[in-house]
Amino acid sequence: MISTSLSPLSFGSLHLTAPLLLSPLAGYTNLPFRLVIREVGGVGLCTTDLVNARSLLEKNKKALKLIESSPADTPLAVQLFGSVPEEMRDAAQYLESLGVASVDINMGCPVRKVCQVGGGSAMMTELDRTAALVAGMVNAVRIPITCKMRLGWDDDNLTAPDLARALEDAGATAIMVHGRTRQQGFDGSVNLAGIRRVVEAVRHIPVIGNGDITSPEAARIMLESTGCAGVSIGRGAFYNPWIFAHTLHYLQTGELLPDPAFSERIRVMNRHLELMIQVFGESLGCTMFRKVGPWYAKRFGPASFFNKGIVRIATRADYDALVASYIEWRAQFLDEAGQLLPKFAPRPHELNFRDEKAPEADVPAVARREAIPVPAGPNELW
């Protein structure tokens, strides 16, 4: 296993306080969620949902809402997708004018509608063309340009190492790599050896690992097994907004903090809805929260009562009434001290990594399952 020590992460002109990044999560990494993550603490950089460069240039309302930010939402990266060099260049310039800290190029999304227009994972199949597009963006702005990719289109086309080297030559300041192929989607296990080959391929720029980081232990294993300079967390943060703060503490001290208490989970969930209402209005904010609440509930223990009710909320009053009723209903599963009885406690997160070159003991508890769930919604297939 590669030995590594925790240190701040820098790329280009951007200097982060922690090597822990919030990944783009289509339909979820909006301003309210980013603010929740920042308030809980530990994150070094947050990235928006993926944004179509052409829609951004056309000032499409939905595109502008995706990049909506606030003074507390810094540093912020915006993830762009597209395949027209001029559009990607102009969109990067526009984002720079807004004060965005960094622009990330999506080269990993496997969704058909993104790949069909030459964006997402399709960019991994044409190295020269993709490198030229990146060079055009790099030469047009002063802020860092980074690239997020997968290991390749499929197992027969693991192009990530070659592409990473070409992108470094084109001026990209960092590479984020998800340890699966486009063909895998989110199935199967994350290939640590594949990420390590990307780390070994570049000369100077940092590589950030991504994929199934659902616990501090998973972050440590990815860092040590691959030699990557940081980790980018997507679905793991939606399971657990505390993952950044707990991972940072674990990497600094070796101590695993206890899971947040139920009352703290409720407090943060309440705050998330409050921010959704502030940003989207009460009606839309509550409607959108119908798909958010069940992800908090995954760590509540028994939650069928809550899950049946959350999908019907239309107002903040509906939500408050549901939470009060749920807390009363949940009491039947608690002991005299107010803690969940052991048989009702949520299961620990399992690791889902494979590394064909590392000794088996170096990657403990490998893959008890084929995949972790993907939140329903726009990112369901990527």
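This report walks through the barrel, the salt bridges and the nonpolar cores of one predicted model.

Residues are numbered from 1 along each chain as its sequence is written, and side-chain values use heavy atoms, with hydrogens and water left out. Because the model is predicted, local features need pLDDT of at least 70 and side-chain atom pairs count only at pLDDT 80 or more, while totals for chains, interfaces and linings use all residues.

## The barrel

Let's start with the strands. Eight of them form a closed barrel in the order 3-4-5-6-7-8-10-11, with parallel pairing. From one strand to the next, the twist averages 25°. Here helices (H or I, at least four residues) and strands (E, at least two) are DSSP runs numbered from the N terminus, and two strands pair if DSSP finds at least two bridges between them. Angles run from 0 to 180 degrees between N-to-C directions, with axes fitted as lines to C-alpha atoms, for helices over the stretch in contact.

Strand 7 (residues 145–150) runs parallel to strand 8 (residues 174–178), and five bridges join them. Within this pairing, Met149 has Val177 as its bridge partner, and Arg150 has His178. To get from strand 7 to strand 8, the chain passes through helix 7 (residues 160–170) in a right-handed β-α-β crossover; right-handed means that, with the strands pointing away from the viewer, the path from the first strand over the helix to the second runs clockwise. Strand 8 also pairs with strand 10 in the parallel sense, over four bridges, and there His178 stands opposite Asn210.

Is strand 8 buried or exposed? Five of its five residues are buried, so strand 8 is largely enclosed by the rest of the structure. Ala174, Met176 and His178 cover one side, with Ile175 and Val177 on the other, and all of these are buried. Buried means under 20% relative accessible area, exposed means over 50%, and partly exposed lies in between (1.4 Å probe, protein chains only).

Helix 8 (residues 192–201) lies across strand 8 and strand 10 (207–210), at about 170° to strand 10.

## Salt bridges

A search of the whole structure turns up 13 salt bridges, each defined as a side-chain nitrogen of Lys or Arg within 4 Å of a carboxyl oxygen of Asp or Glu. Side chains of opposite charge can pair when their charged atoms come close. Here are three of the pairs.

| Pair | N to O distance | Location |
|---|---|---|
| Glu39 and Arg271 | 2.7 Å | helix 1 and helix 12 (residues 262–280) |
| Arg54 and Glu87 | 2.7 Å | helix 2 (residues 53–57) and helix 4 (residues 85–97) |
| Arg316 and Asp320 | 3.0 Å | helix 16 (residues 316–330) |

Arg316 and Asp320 are four residues apart in one helix, so about one helical turn separates them. Arg316 is partly exposed at 24% relative accessibility, as is Asp320 at 38%.

Salt bridges that share partners also join Arg34, Arg38 and Asp73 into one network. Arg38 is found in helix 1 and is buried, with a relative accessible area of 16%. Not counting residues up to four places away in sequence, Arg38 touches Val43, Cys46, Ala72, Asp73, Thr74, Pro75 and Leu76, where contact means heavy atoms within 4.5 Å.

## Nonpolar cores

In soluble globular proteins, nonpolar side chains tend to be buried together. A nonpolar core is a set of buried Ala, Val, Leu, Ile, Met, Phe, Trp, Tyr and Cys residues joined through side-chain atoms within 4.5 Å.

Which residues have the most contacts inside the largest core? They are Leu80, Ile105 and Val134, in a core of 97 residues. Helix 12 gives the largest share of this core, nine residues. Leaving aside neighbours within four places in sequence, Ile105 is in contact with residues including Leu80, Met88, Val134 and Ile145. A second, separate core has eleven residues, among them Leu16, Ala77, Ala101 and Met176.
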